[in-house]
Amino acid sequence: MVGQPESTETLHIRIIQETSQTHTLPPSIDRSLSFSIPRREAEDLIAQRIHPQTIAEGWRLARTAARTALESSAIDNSADDELFRSDLFRIARTTLSSKLVTYEKEYFANLAVEAVMRLRGSNNIDHIQILKKAGGHLRDSYLEEGFLLDKKIGVGQPKRIVGAKILLANTSMDTDKIKIYGSKVRVDSLNKVAEIEEAEKERMRQKCEKIIAHGCNVFINRQLIYNLPESIFTDRGIMAIEHADFDGIERLAAVTGGEVVSTFDRPDLVTMGECDVIEEVMIGEDKVLRLGGCKSGEACSIVLRGASSHVLDEAERSLHDALCILTATVKDPRIIYGGGCTEILMAQAIDRLVESTPGKKALAMASFARALRQLPAIVADNGGYDSAELVTQLRAAHASGKNTYGLDMYNGTIGDMKELGVAESFKSKLCVLLSASEAAEMILRVDDIIKCAPRAREGGY
């Protein structure tokens, strides 16, 4: 789709094929890029006996020119909250254009922006919980201002607690049952067995009393809570939640401001989590726990609804991509225009530098520019359009000063990316440019590939 960022692997393969050396690329790569990258360029450079170091030197000059052009085209609206939010929305919409949720990209882009803006610059994506619940439509998904925990409350315990003080633990709460593996206990009467069981129960009662002494009214344990400790917590009016997995307990510690403990001998050294309210809420046909007003103030949950688990899994991956690119943009708020706009800008900057660069390294720089121009060509080919026509129109538009023009893949023409709202993260594009060119240079310096001899067949087969 229009404005979709290119992967690092794709870009460095294109640069390698534009300035190829004696290595043979895998046939699958040749077939997938046969229409977009002319192998004639690689043959020409080899025929001219250009040394790999010369090619690498030309690449470095081209990379520096491309980075300068990219930085000069970046836009920073972080000083204006409304404009910055609009930039984030456009980036999220561009990211989701090629995903399963593309038909609801406006809605999910808003969800992603709202969730990231709640982080208040901390950029800790663990504070955003994504909860998948089958049923309904994708558009039934929503943002919950709080933390949702898909667990159950113990039998007979309070279903709603205001002003919760939460003790988070990772400890065994099942020692009311005898667990002695590889050993035998011999007794001469059933009374002795009862005494052993009672001793184990007494140890569990003492452990529960130590937990209660912390002054908590909510106890969340990563491991199971068996019947005896559950009944003790019920009698004291404490909400006990069991089997919160490792990721869940760590995320709870982050959003509630508490710490996970395993021993309970020093209550004065334990920091408990806090939130305004813990209550049961219904999502579809299921009950989940909602923690509202968490101490960190940044926690939120995105509830995804969908027809099946496969749809929910794909929607989660799509949304996670958008959240990651948005948090990167919050760190570096500069944006650039997509749709092949910046690639043409960088290629033009390299072409201008080639004119004043003597030596064979100018040929490598020119091939670097050609590789950059192939990116919008491949986007056009993927959309089923005439890439040669569109790319030449795009180059002409940029030559006439229309530096915000890119490919409009919905109409099969070129258009103003600023008006169409196609934006990408500057940090992401810069990382692709640097990583791809460095990876291509590293591959270029490989002299030969050593392969193990095939194993001799036995028995004539």
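Trainee: A polar contact is a pair of N or O atoms within 3.5 Å, and within protein one must be able to donate a hydrogen and the other to accept it. With that in hand, what does the side chain of Gln129 reach?

Mentor: In this model, which is a predicted one, the side chain of Gln129 reaches the backbone oxygen of Leu148 at 3.3 Å, a distance that lies within the 3.5 Å limit for a polar contact.

Trainee: Where does Gln129 lie, and does it count as buried or exposed?

Mentor: Gln129 is part of strand S2, and because its relative accessibility is 12%, it counts as buried, the cut-off being under 20%. Setting aside neighbours within four places in sequence, Gln129 is in contact with Phe147, Leu148, Arg251, Cys300, Ser301 and Ile302.

Trainee: How many residues of S2 are buried?

Mentor: Of the 7 residues in S2, 5 are buried, and the strand is mostly covered.

Trainee: In which sense do S2 and S11 pair?

Mentor: They pair in the parallel sense, over 7 bridges. To place one of the bridges, Leu131 has Val303 in S11 as its partner.

Trainee: Moving on to the largest nonpolar core, which residues touch the most other members?

Mentor: That core has 30 residues, and those that touch the most other members are Phe108, Ile128, Ile302, Leu304, Leu319, Leu323 and Leu326. At least two core residues come from each of helix H5 (81–95), helix H6 (105–118), strand S2 (128–134), strand S11 (300–306) and helix H10 (309–331).

Trainee: What does Ile302 touch?

Mentor: Not counting residues up to four places away in sequence, Ile302 touches Leu111, Ala115, Ile128, Gln129, Ile130, Leu131, Tyr142, Leu143 and Leu319. There is also a second, separate core of 28 residues, which includes Trp59, Ala349, Val354 and Leu430.

Trainee: How many aromatic pairs does the structure hold?

Mentor: The structure holds 2 of them. In one, the ring centres of Tyr107 and Phe108 are 5.9 Å apart and the planes stand at 90 degrees, so the pair is edge-to-face. Tyr107 counts as partly exposed because its relative accessibility is 23%, whereas Phe108, at 1% relative accessibility, counts as buried.

Trainee: And what about the pair that Phe219 and Phe233 form?

Mentor: That pair is tilted, with 5.2 Å from centre to centre and 35 degrees between the planes. The pair links distant parts of the chain, since Phe219 is in strand S6 and Phe233 is in helix H8, 14 residues apart. Phe219 and Phe233 are both buried.

Trainee: Staying with helix H8, which of its residues are buried?

Mentor: In H8, which spans residues 227–235, the buried residues are Leu228, Pro229, Glu230, Ile232 and Phe233. Their cover includes helix H7 (190–212), strand S6 (218–221) and strand S7 (239–241). After H8 comes Gly237, whose phi is positive, near 75 degrees.

Trainee: In which strand is the place of Ala240, and what is Ala240 in contact with?

Mentor: Ala240 is in strand S7, and it counts as buried because its relative accessibility is 5%. Leaving aside neighbours within four places in sequence, Ala240 is in contact with Lys152, Ile153, Gly154, Gln157, Phe219, Ile225 and Phe233. Both rings of the tilted pair, Phe219 and Phe233, therefore belong to residues that Ala240 contacts, by the criterion of heavy atoms within 4.5 Å. The C-alpha atoms of Ala240 and Ile166, 74 residues apart along the chain, are separated by 9.8 Å.

Trainee: Changing topic, what is the order of the open sheet of 3 strands?

Mentor: The order is S1-S12-S15, with antiparallel pairing. Strand S1 (75–76) and strand S15 (423–425) are at the edges with a single partner strand each, so one side of each has no neighbour in the sheet. Strand S12 (residues 334–337) is joined to S15 by 3 bridges, and in S15 the bridge partner of Tyr337 is Ala423.

Trainee: Before I go, what is the mean pLDDT of the protein?

Mentor: The mean is 82, and 86% of the residues reach 70 or more.

Trainee: Over which residues does pLDDT stay under 50?

Mentor: One such stretch is residues 1–13, for which the model has 40 contacts beyond four places in sequence, and another is residues 15–40, with 59 such contacts. Where pLDDT is low, the predicted coordinates should not be read in detail.

Notes. Residues numbered from 1 in each chain as written. Predicted model: local features only at pLDDT ≥ 70, side-chain atom pairs only at ≥ 80, totals over all residues. Heavy atoms only, no water. Core = buried A, V, L, I, M, F, W, Y, C linked by side-chain atoms within 4.5 Å. Buried < 20%, exposed > 50% of the residue type's maximum accessible area, 1.4 Å probe, protein only. Helix = DSSP H or I, 4+ residues; strand = E, 2+ residues; numbered from the N terminus. Pairing = 2+ DSSP bridges. Phe/Tyr/Trp six-rings, centres within 6.5 Å; stacked < 30°, edge-to-face > 60°. pLDDT = per-residue confidence, 0-100.
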